[in-house]
Amino acid sequence: MDQIIVRGGGALNGEIPITGAKNACLTLMPLTLLTDQPLTLTNAPRLSDIRTMTTLLQSLGSEVAPLQDGQVLAMSSHALTGVKAEYDIVRKMRASILVLGPLLARYGEAVVSLPGGCAIGARPVDLHLRALEALGAQLELRDGYVWAKAPSGGLKGADFTFPLVSVGATENAVMAAVLAKGTSILRNVAREPEIVDLVHCLRRMGAQIEGEGSSTLTIEGVTALTGATHPVVTDRIELGTYMLAPAICGGEVECLGGRIDLVASFCEKLDEAGVDVIETARGLKVARKNGRIRAVDVVTEPFPGFPTDLQAQMMALMCTAEGTSVLEETIFENRFMHAPELARMGARIEVHGGHATVHGVEKLRGAPVMATDLRASVSLILAGLAAEGETVVSRVYHLDRGYEKVVRKLRGVGAEIERIKEDSQHE
Ligand code: EPZ
């Protein structure tokens with residue numbers, strides 16, 4: 001398995017281009033199932049998760065052509081060959097469950113493998129299923145699959161309140177409701193920018209939806225949707241991740257394509273910690289204010305609160321902050337696996353249930369560490385950038401799921417970082 005070697009060094013200076021959002025693209029791609037016309041996504045990220053979703057859609061009979069080295073995804077589903085999402089693909093990426101709603105809405109049936117849990121938690125899909133049942137779907141769980149059928153007349157609009165805010169369940173419900181008969185009111189929905197982007201793309205396809213970005217979506221079902229061309233929204237998690245690089249190492253980095261509205265609560269915490277964020281014509285320019293980073297407390301929440309997907313990276317910053325910070329993880333039950341790896345680098349962290357208390361130290365020391373999940377892996381790289389000596393991160397395949405060209409992007413601002421291929425060729 002590949003490794004990434006980071007040598008702690010000085011300040012970082014320059015520009016980092018921010019890519020299209022993985023978590024937007026993974027819900028936009030299944031939209032091809034809702035129409036027999038061509039759907040093209042631009043600004044798509046080149047990631048292994050996108051390739052997995054491509055394989056899944058192709059297994060259903062969709063045509064998905066990655067153009068321009070994968071930055072453009074030209075898709076067409078005018079002749080599906082099946083409605084079954086096989087376990088072998090779904091187990092690789094839980095977002096595969098997002099084909100359930102579209103298949104039900106357009107074809108009236110779907111057989112989708114239950115995704116199972118992952119490293120950060122059990123990740124059930126009960127809310128997805130309850131929302132689809134509210135729209136009239138008949139569901140049966142059998143042999144590890146969801147067997148779903150719509151009534152003979154198709155799905156029907158419903159007034160449904162989510163008992164818990166869920167990004168994926170909101171996405172599945174929206175993609176089912178847009179072709180249901182009548183009006184749907186979905187309450188206590190997720191408000192993430194990826195949901196807003198999904199609604200914007202659906203509107204381009206002729207869907208009638210109001211309320212994106214708020215807690216309630218009102219959807220008038222239509223009989224058919226057209227194709228469209230849509231740019232994937234900027235990845236706010238990649239943006240936040242790279243904003244932390246100059247915060248941890250010093251220097252000044254401009255994140256090209258960054259937008260304050262995507263990371264507002266995160267920027268408030270950076271300001272508290274002593275990091276300046278300035279909006280420029282090309283993105284967001286980030287630099288430490290004078291002096292040492294200050295410890296701040298963080299509670300992860302659904303958008304617009306502090307994103308759980310930036311918790312691990314923020315912990316890396318807090319490791320060398322002045323004072324003690326408490327990070328509370330309220331979204332997932334096991335999302336502190338980066339803590340023991342950071343401790344190997346000299347960080348002082350106590351984890352009790354959903355709380356991690358970080359006592360800042362002057363400097364971290366490089367060490368061999370292991371990536372455990374996507375966001376934990378990048379927090380180890382951030383820590384290594386500021387540590388004394390060399391950090392070797394193993395199991396970096398986690399990174400390839402969500403970060404395009406991380407070595408090149410960080411080298412571009414002066415980081416000493418390289419990727420050692422399994423057969424020990426230096427990249
Ligand atoms: C999406 O996951 C993202 N993934 C996650 O990003 C992100 O961390 C998460 O939203 C929260 O923002 C994609 O968009 C592909 P949820 P999702 O449903 O939709 C519980 C990354 O690193 N829940 O909002 O699976 C669930 O267990 C990934 O890019 C149920 O109980 O998240 C969790 O505790 C990690 N029943 C909470 O809700 C359900 O039916 C929020 O999960 C669904 C969810």
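Start with the ligand and select what surrounds it: 21 residues, with D126, L127, S166, D309 and I331 the closest. A residue is near a molecule if one of its heavy atoms lies within 4 Å of it. Before you go on, know that this is a predicted model, where local features need pLDDT of at least 70, side-chain atom pairs count only at pLDDT 80 or more, and totals for chains, interfaces and linings use all residues. Residues are numbered from 1 along each chain as its sequence is written, and side-chain values use heavy atoms, with hydrogens and water left out.

Which elements give two or more residues to the shell around the ligand? Colour α1 (22-28), α5 (126-134), α6 (167-177) and α12 (374-386). Of the elements, α5 gives the most, with 3 residues. Helices (H or I, at least four residues) and strands (E, at least two) are DSSP runs, numbered from the N terminus. Colour the shell by residue type and you get 10 nonpolar, 5 polar and 6 charged. Here Ala, Val, Leu, Ile, Met, Phe, Trp, Tyr, Cys and Pro count as nonpolar, Asp, Glu, Lys and Arg as charged, and the others, Gly among them, as polar.

Buried means under 20% relative accessible area, exposed over 50%, and partly exposed in between (1.4 Å probe, protein chains only). Among the buried ones are G168, E171 and N172. At the start of α6, look for S166 again: a side-chain oxygen there reaches to within 3.0 Å of the backbone nitrogen of A169.

Next, the loop between β18 (298-299) and α10 (311-318), where you'll find P304. A cis peptide bond joins F303 and P304, with omega about 10°. T308 is in the loop between β18 and α10 too, and it counts as buried because its relative accessibility is 11%. Show E329 as well: its side chain and that of T308 are joined by a polar contact of 2.9 Å.

Jump to α8 (236-249) and pick T241. At 1% relative accessibility, T241 counts as buried, and a 3.1 Å polar contact joins its side chain to that of Q313.

Time for rings. There are 3 aromatic pairs, and one of them is Y242 with Y403, edge-to-face at 6.5 Å centre to centre and 85° between the planes. Rings of Phe, Tyr and Trp (its six-membered ring) pair if their centres lie within 6.5 Å; planes under 30 degrees apart count as stacked, over 60 as edge-to-face and the rest as tilted. Y242 belongs to α8, while Y403 sits in the loop between α13 (397-400) and α14 (406-411), 161 residues apart. Both Y242 and Y403 are buried.

Select K84 and Y145: the charged end of K84 sits 4.6 Å from the ring centre. Then select R142 and W147, where R142 lies over the ring face, 4.2 Å from the centre. The rule is that NZ of Lys or CZ of Arg is within 6 Å of the ring centre and within 35 degrees of the ring normal.

Last stop: D143, in the loop between β8 (138-142) and β9 (145-149). Its phi is near 55°, a positive value in a residue other than glycine. Buried or exposed? D143 counts as exposed, at 62% relative accessibility.

How values were computed. Polar contact = N/O pair within 3.5 Å; in protein donor to acceptor, adjacent residues only side chain to side chain.
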